[in-house]
Amino acid sequence: LAEGHVLVEGTVVGTGFVQEPDPRDDNFPLGAVVGAVDDPRSKEKVWQLPAHLLNQGSTNSCVGHSCAHFIMAAPIMSHTVDAIALWRRAQEIDEFAGDEGTNSGTSVRAGFKALRERNLITSDYRWANDADETLRFILTRGSVVVGSKWYPGMSEPLNGVMRLTGNPGSTGHAYLLFGFSPDQDAFLMANSWGPSWGINGCAFLPYDALDQLMQQDGVVCSAIED
């Protein structure tokens, strides 16, 4: 398989998340826009998804697709967003030279820059420090985009639950978290690989798994209108 692609049930699908650390992200903490939540892991929340999730196919456009899902899901709920155009623009303005117009990935940071450039968001985009901050934001404000390593066990959820098993190598993927289930102690995740993946295109990402992914340089980003 080419770098940036994975095989799921005999189908080659794209990934495409890459990102370089930027200390300026620390100036925009997600925690600054959420309040305290008592015992957050006992709370349930589900933000509404679009009627049909997007499918990136074998393109490495996951950042464009996850950012499009962010705009198409509640609380924003825009009906039409061109995920490929977002991906292409993100490639033009990201921190990686020479990837423009190629089937390569890009950063979540560049994806949110492209959203703001198009006035699809008007506020600052912000970054979570850990799973707790992510959860409190989801419970009170909205969905988030994650960019992280992608383990083979995440590609094939067992009973709908993603697992950090196998060797992730250099593959990274971006996806949407749109809720939390206390029964599963897991975030609700929407992918961009079509409805046949997981449970109608969605899966559960355990709370502790997100914490581990963030410790491994994964990022969580969101924005909310003032």
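Trainee: Before we start, what counts as a helix or a strand, and from where are they numbered?

Mentor: Helices (H or I, at least four residues) and strands (E, at least two) are DSSP runs, numbered from the N terminus. Please keep in mind that this is a predicted model.

Trainee: Where does P75 lie, then?

Mentor: P75 is in the loop between α1 and α2. A cis peptide bond joins P75 to A74, with omega at about 10 degrees.

Trainee: How are two packed helices described?

Mentor: One gives the angle between their axes and the distance between the axes. For α1 and α2, the angle is about 125 degrees and the axes are 7 Å apart. The two helices are therefore oblique to each other, since 65 to 115 degrees would count as roughly perpendicular and angles over 145 as roughly antiparallel. Their crossing is right-handed.

Trainee: Which residues make that contact?

Mentor: On α1 they are G64, H65, C67 and A68, and on α2 they are A83, I84, L86 and W87. By class, this contact has six nonpolar residues, two polar ones and no charged ones.

Trainee: Is α1 largely enclosed or exposed, and why?

Mentor: Helix α1 is largely enclosed by the rest of the structure, because eleven of its eleven residues are buried. Among these buried residues are V63, F70, I71 and M72.

Trainee: What do the buried residues of α1 pack against?

Mentor: Their partners are α2, α3 (108-117), β5 (144-149), β6 (172-181) and β9 (219-222).

Trainee: You mentioned α3. At what angle do α2 and α3 cross?

Mentor: They cross at roughly 110 degrees, and their axes come within 8 Å. That angle makes α2 roughly perpendicular to α3, as it falls within 65 to 115 degrees. The crossing of α2 and α3 is right-handed.

Trainee: Which residues meet there?

Mentor: From α2, L86, R89, A90 and I93 meet A110, G111, K113, A114, L115 and E117 of α3. This contact of α2 with α3 divides into six nonpolar, one polar and three charged residues.

Trainee: Changing topic to strands: how do β1 and β2 run, and how many bridges join them?

Mentor: Strand β1 (residues 5-8) and strand β2 (residues 11-14) run antiparallel, and four bridges join them. V6 stands opposite V13 in β2. The two strands form a hairpin with two residues between them, and E9 in the turn has a positive phi of about 50 degrees.

Trainee: Which residue in the loop between β2 and β3 is worth a look?

Mentor: D39 is found in the loop between β2 and β3 (45-46). Its phi is positive, about 45 degrees, although D39 is not a glycine. D39 is exposed, because its relative accessible area is 53% and the cut-off is over 50%.

Trainee: And what is the phi of N119?

Mentor: N119 has a positive phi of about 60 degrees, and N119 is not a glycine. N119 lies in the loop between α3 and β4 (126-127) and is exposed, with a relative accessible area of 59%.

Trainee: Is T134 buried or exposed?

Mentor: T134 counts as buried, at 0% relative accessibility. T134 belongs to helix α4 (residues 131-140). Leaving out residues up to four places away in sequence, T134 touches A128, V144, L177, F187, L210, M214 and V220.

Trainee: Which residues of α4 meet α6?

Mentor: A131, D132, T134 and L135 of α4 meet Y207, L210, D211 and M214 of α6. By class, this contact of α4 with α6 has five nonpolar, one polar and two charged residues. The axes of α4 and helix α6 (residues 207-215) come within 9 Å and cross at roughly 125 degrees. The two helices are therefore oblique to each other.

Trainee: Last topic, β5: how many of its residues are buried?

Mentor: Five of the six residues of β5 are buried, so the strand is largely enclosed by the rest of the structure.

Trainee: How many bridges join β5 to β6, and how many join β5 to β9?

Mentor: Six bridges join β5 to β6, and these strands run antiparallel. K149 stands opposite G172 in β6. Three bridges join β5 to β9, which also run antiparallel. V146 has V220 as its bridge partner in β9.

Note on methods: Residues are numbered from 1 along each chain as its sequence is written. This is a predicted model: local features need pLDDT of at least 70, side-chain atom pairs count only at pLDDT 80 or more; totals for chains, interfaces and linings use all residues. Side-chain values use heavy atoms; hydrogens and water are left out. Two strands pair if DSSP finds at least two bridges between them. Axes are lines fitted to C-alpha atoms, for helices over the stretch in contact, and angles run from 0 to 180 degrees between N-to-C directions. Angles under 35 degrees count as roughly parallel, over 145 as roughly antiparallel, 65 to 115 as roughly perpendicular and the rest as oblique. A crossing is left-handed if the near helix is turned anticlockwise from the far one by less than a right angle, and right-handed if clockwise. Contact means heavy atoms within 4.5 Å. Ala, Val, Leu, Ile, Met, Phe, Trp, Tyr, Cys and Pro count as nonpolar, Asp, Glu, Lys and Arg as charged, and the others, Gly among them, as polar. Buried means under 20% relative accessible area, exposed over 50%, partly exposed in between (1.4 Å probe, protein chains only).
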